[in-house]
Amino acid sequence: LFDGVYPFYPQPRKAAVFDISTIIVIVVFLTLACSFLLIIPGIRGRARLYWTLRVLLSLFVGVVIVVVQFTGDWETGWVQANTSYKSFSPVQVNADIGLHIGLAGVNVTLRGNPVNQINETINYNEHFPWNFGADYDRSYSKGLEKGLPSPILYVAEKFSAQSPCAVHRQYRIAGHYASAMLWVAFCTWIISNILFSMPVLVYGGYMLLVTGAFMIFSLLSFSTVRNSPMCQIQIGTRTLHVAYGGSFWLMVAIGLLCFVVGITIVAMHHLNLDLLKTFFDLREDKAEEYQEMPELFINPHFVNKGL
């Protein structure tokens, strides 16, 4: 026994704090950003500021497009209530019950107030996937076999395929198409960066508009689940209500940002092309364009003849 832990037996499960896939994506993009910051001192003049703004803004858009694929807060809801903790037991606990809906599944959180009640630690975060290739009902059945707390099973049952709420299919298809739209947006984001590194800036602006359009399409695809009525999730005397979460509104902001930047680039291409080339460090120096020969060689024979 080491500090209350048996080293040769399976350890108790702990509540998840961060998704591993999200951490991996953030680390990759942070590595790219740090690599750019290492070479930024080699860029002279105002071009250094322009490069920093462009690269960091572009990386931020890219990391958001990828990270929201794995987040679970496209729709969220919390409620605090007194509820039964175990089946066939009259004992009740005071807890916060959270519902977090993502593109690939649903997370149900149960956290006691306080965490330690009835000689147990009440702190759960269970994930039930519904993406293609995953079996939601099987995950729910495993939860029943493990004996998860009653509030988690009650909330998860609302999204099962056998539930009378009949929202499983809508959420699954909406999440699938929203994810597909975001991957297309990620591809167009890569193409826009390639075009911005070439003297075809207006096409990069057009591709940025396409990126914003696919991001908005993903939002519209996910919001179609609102067309079907949602069953009430009644926990004790309280009702758990769900609203759009941080990932949804972040995608709205980034999509609008892509539209604003794309429209600005296209407008500057037609109104002030030199300023646009200066910002992207593609302007040719006039002095070099009309540079004269530094040395002039004259034939003395012609000089003597006065020619």
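Two strands are taken to pair if DSSP finds at least two bridges between them. In the predicted model described here, strand β1 (residues 75–84) and strand β2 pair in the antiparallel sense, and ten bridges link them. Within this pairing, T83 stands opposite V93 in β2. On its other pairing, β2 is joined to strand β3 (residues 105–117) by seven bridges, and these strands also run antiparallel. A95 has G112 of β3 as its bridge partner. Strand β2 itself, spanning residues 92–101, is mostly covered, since eight of its ten residues are buried.

T83 counts as buried because its relative accessibility is 9%, and the cut-off for burial is under 20%. Apart from neighbours within four places in sequence, the contacts of T83 are V91, Q92, V93, I97, P151 and I235.

The largest nonpolar core of the model comprises 66 residues, and W74 and L99 have the most contacts inside it. Helix α2 (residues 47–67) supplies the largest share of this core, namely nine residues.

Helix α2 also packs with helix α1. In general, two packed helices are described by the angle between their axes and the distance between the axes. The axes of α1 (residues 20–39) and α2 come within 10 Å and cross at roughly 170°. Angles over 145 degrees count as roughly antiparallel, and α1 and α2 are therefore roughly antiparallel to each other. From α1, the residues T22, V25, I26, F29, L32, A33 and F36 take part in the contact. Their counterparts in α2 are W51, T52, V55, L56, L59, G62, V63, V66 and V67. By residue type, the contact of α1 with α2 consists of 13 nonpolar and three polar residues, with no charged residue.

A further position considered was T278, which is placed in helix α8 (residues 273–279). T278 is classed as partly exposed because its relative accessible area is 21%, a value that falls between the limits of 20% for buried and 50% for exposed residues. Although T278 and Y50 are 228 residues apart along the chain, their C-alpha atoms are separated by 8.8 Å.

Technical notes. Residues numbered from 1 in each chain as written. Predicted model: local features only at pLDDT ≥ 70, side-chain atom pairs only at ≥ 80, totals over all residues. Heavy atoms only, no water. Core = buried A, V, L, I, M, F, W, Y, C linked by side-chain atoms within 4.5 Å. Buried < 20%, exposed > 50% of the residue type's maximum accessible area, 1.4 Å probe, protein only. Helix = DSSP H or I, 4+ residues; strand = E, 2+ residues; numbered from the N terminus. Axes fitted to C-alpha atoms, helices over the stretch in contact; angles between N-to-C directions. Parallel < 35°, antiparallel > 145°, perpendicular 65-115°, else oblique. Contact = heavy atoms within 4.5 Å. Nonpolar A, V, L, I, M, F, W, Y, C, P; charged D, E, K, R; others polar.
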